[in-house]
Each structure stands twice: as C-alpha cells, then as structure tokens.
Amino acid sequence: MTVDYWGEAPAAQPVIVAALKAGLTAVGDPAHVGSKAPRNTSDPSAPRIRIQRIGGGEESFAIDAPLLLIECWDPSEAEAERRANRVIRILKESAGRRFAGGYIHRWQLISGPVNNLDPDTSSERFQLTGVLALAIE
C-alpha cells in the first residue's frame, strides 16, 4: 500500500516573523521581532514583538491554521497599542504573499489587542491572538 504525500506546512513562526519584519521596516518601526523576546539587552524596555504558536492545526489538506499569540512591548502605553494595531494591519496586508518559504492565505484576528501589563519589565504590553492560514506545499 502506498500513501499519497501532499506536502507539509511551513513552520508558522518564521513566516510571521519575516512578514512582520518586512512590514515594520516599511513603516519605520524599530521593534525587534522574534519568537523570543530579548530580555538580556542593555535596554529591557526596548520596543519588541514576540510571536508564539499556541495551538491550531490543519484546516484542510491544503491549509495549516496555527493559532498565534502576539505580544507588543513599548515604554509608552499608547505606542504599544499602536504597534499591536500596526501588526494587525500588516498581517491582513500579507495575505497572498510569500515570506520565509510560506504562502499566507489570510489572517484572522481572534482577540485583542488587550492591554496586559508585563510584571517582569517596566514596559507596557498589548497582546492579541489570531489565526494565520498557511499553504501546505
């Protein structure tokens, strides 16, 4: 017996990190973007965004739909909120494009942005969750 192999989903975190880096660079936002928030920098309150896959799975044989948590830090509460809204806009505009080897079908906001003070830093933090639909190739 043989099994048809239809491909696999790309790792979601590198795709979304690449999409956000491109979008933030285009609008001049200096925030660090990654799957880990740098805490050992000389400026722990520096603007940053952390991406984490917290769930989700295959939506169909052709689409992976990871659930993502996105956290946006900034010393300014207003800028942390603006950054979270900027992330939403960038991800919506990333649909139909390829980043880090992954094709983004769509972004769906699930919740947020929500003000969620970070007790470990002096920075303000807004977070949101959403589903990023990626092509299985």
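These notes cover the nonpolar core and the salt bridges of a predicted model.

1. The largest nonpolar core holds 27 residues, and those touching the most other members are Ile16, Leu20, Ile49, Ile51, Ile70 and Trp107. Two or more residues each come from helices H1 (12–26) and H2 (77–93) and from strands E2 (48–58), E3 (63–74), E5 (102–115) and E6 (124–135). H1 gives the largest share, seven residues.

2. Leucine 20 shows what such a position looks like. Leaving aside residues up to four places away in sequence, Leu20 touches Val33, Ile49, Ile51, Val87, Ile90 and Leu91. In soluble globular proteins, nonpolar side chains tend to be buried together.

3. There are ten salt bridges in the structure. In one of them, arginine 86 pairs with aspartate 29, with the closest N and O atoms 2.4 Å apart. Arginine 86 sits in helix H2 and aspartate 29 in the loop between H1 and strand E1 (32–34), 57 residues apart. Arginine 86 counts as partly exposed because its relative accessibility is 22%, whereas aspartate 29 is buried at 8%.

4. Asp29 and Arg86 also belong to a salt-bridge network that includes Asp74, Glu79, Arg82 and Arg83.

5. Glutamate 71, in strand E3, bridges to arginine 50 in strand E2, 21 residues apart; the closest N and O atoms of this pair are 2.7 Å apart. Both glutamate 71 and arginine 50 are buried.

6. Glutamate 71 forms a salt bridge with arginine 125 as well, the closest N and O atoms being 3.0 Å apart. Arginine 125 lies in strand E6 and glutamate 71 in strand E3, so this pair ties together parts 54 residues apart in sequence. Arginine 125 is buried, as is glutamate 71.

Notes: Residues are numbered from 1 along each chain as its sequence is written. This is a predicted model: local features need pLDDT of at least 70, side-chain atom pairs count only at pLDDT 80 or more; totals for chains, interfaces and linings use all residues. Side-chain values use heavy atoms; hydrogens and water are left out. A nonpolar core is a set of buried Ala, Val, Leu, Ile, Met, Phe, Trp, Tyr and Cys residues joined through side-chain atoms within 4.5 Å. Buried means under 20% relative accessible area, exposed over 50%, partly exposed in between (1.4 Å probe, protein chains only). Helices (H or I, at least four residues) and strands (E, at least two) are DSSP runs, numbered from the N terminus. Contact means heavy atoms within 4.5 Å. A salt bridge is a side-chain nitrogen of Lys or Arg within 4 Å of a carboxyl oxygen of Asp or Glu.
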